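Hello,

Here is the structure for you to look through. Some notes on what was found follow below it.

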Amino acid sequence: MATKVLMPQLGESVTEGTISKWLVNVGDTVKKYDSLAEVTTDKVNAEVPSTVSGRVTEIVVPEGETVAVGTLILYIEESGAEGGAAAPASTPETTAPQAPAPATEQPKAAAPAVSIQQAPVVDGPKQRYSPAVVMLSQQHGIDLSRVVGTGAGGRITRKDVQAIIDAGGQKPAETVKETVAQAPVAAVEQSTVVSTPAPAASVSAPAVSVDIPVASGDQVVPVTSIRRTIANRMVQSKHEAPHAWTMVEVDVTNLVNFRNQAKGEFAKKEGLNLTFLPFFIKAVVEALKEYPMINSTWAHDKIIVKKDINISIAVATEDALYVPVIKHADQKSILGIAKAVDDLAARTRAGKLTMDDMTGGTFTVNNTGSFGSVLSQPIINAPQAAILSVESIVKRPVVINDMIAVRSMVNLCMSLDHRVLDGLICGRFLQSVKQKLENVGPDTKLY
């Protein structure tokens, strides 16, 4: 019997993973704990180890496909097992019952510019679907024989079924001809015919794949699994959380002077640069203690106020953005926060982050000022309730006691989930952060 290798659980709240690269081929011999594949999740990249020693007999999930945790991805025939045949055709990766082919007419020539693609009627060997696809289709009455898959080789993925559900469900087979006749004159390829019986004010167009021409000299950049994960997470956050924005400006002249005086001795003593970010994180952490509701998350039927204060920080690499976490930031001094920031940034760029480094964040501080930004509207790092962007520190003329003075000013931009937070508490939170930053001076403790 061949041993089944399933998509493992790669962290808390992780429900699916993308096979970004297979590290083995059919026929390869592997040892227990050898790496089989590279997997990308919405948290971190990881490798799937082999659970047995033996020979790879079948790779079920192709590269680039996203599957749910617990989905069969590979067969390995254990060393010493009798026979040598690959896994039988009947496997836990369920074969969905085939619905009768819909007796619809071919689209008439009245809409020649419209190309609507439907799944072909399957004759001969039945197409196999993952358990997640079958379960989701059965729950929502989706006929898989009429769905065109976007996975490798036309394989139907969970996202294909979810797209139909999000668009309002699958349209009855007998209305396909009517849909074609009403389609706008455009070269549009749809994965399935869907209906959206929502009111006109809230109708969202079904997901379509538009053929965008590529001119001579254009560069085509393939979407990596990391970039696709980032895109999905950002769309999810904007779709689910009603974003609201607010901003305050802070006079950090005293902070700039204090940091300039202390950075030389600090670097000599500690071996790392004293940047402005640890001061901002420290002020945020202290303000979160005063306003714990900011340190919370929306959980559909309840709001969870987190006890721990774990600060996520955005770290960019050449091709992706990661958000590692400073655990128990409220228990750290400015020095402790500076060391944590330096360590996480270095390991992010070296590709050495662990799953623990990426999980458990309760509030995000984004240092957009590092590349000169002075104003931004950050997207919330779901499922957190808010995110704060620290913009660039710039010298500006300001009025103090009816006199104009040149001061070092910075904008703090905050995005909030309006399901959880309102403007009043966020305004008070920002005023607390502002006050703490403007009070930095010679008496501020770094240790």
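**Notes on the model**

M247, V374 and L375 make a nonpolar surface patch of about 270 Å². Patches are made of residues with over 30% relative accessible area and no salt bridge, with nonpolar side chains (Val, Leu, Ile, Met, Phe, Trp, Tyr) joined within 5 Å and like charges within 9 Å. A salt bridge here is a side-chain nitrogen of Lys or Arg within 4 Å of a carboxyl oxygen of Asp or Glu. Accessible areas come from the Shrake-Rupley method with a 1.4 Å probe, and for residues only the protein chains shown count as cover.

This is a predicted model, in which local features need pLDDT of at least 70 and side-chain atom pairs count only at pLDDT 80 or more, while totals for chains, interfaces and linings use all residues. Residues are numbered from 1 along each chain as its sequence is written, and side-chain values use heavy atoms, leaving out hydrogens and water.

Most residues other than glycine have a negative phi, and most peptide bonds are trans. The bond from A382 to P383 is cis, with omega near 5 degrees. H328 has a positive phi, near 50 degrees, and D402 has one of about 65 degrees. H328 is partly exposed at 35% relative accessibility, whereas D402 is exposed at 77%. The cut-offs are under 20% relative accessible area for buried, over 50% for exposed, and in between for partly exposed (1.4 Å probe, protein chains only).

The whole structure has zero disulfides, a disulfide being a pair of cysteine sulfur atoms within 2.5 Å.

Regards
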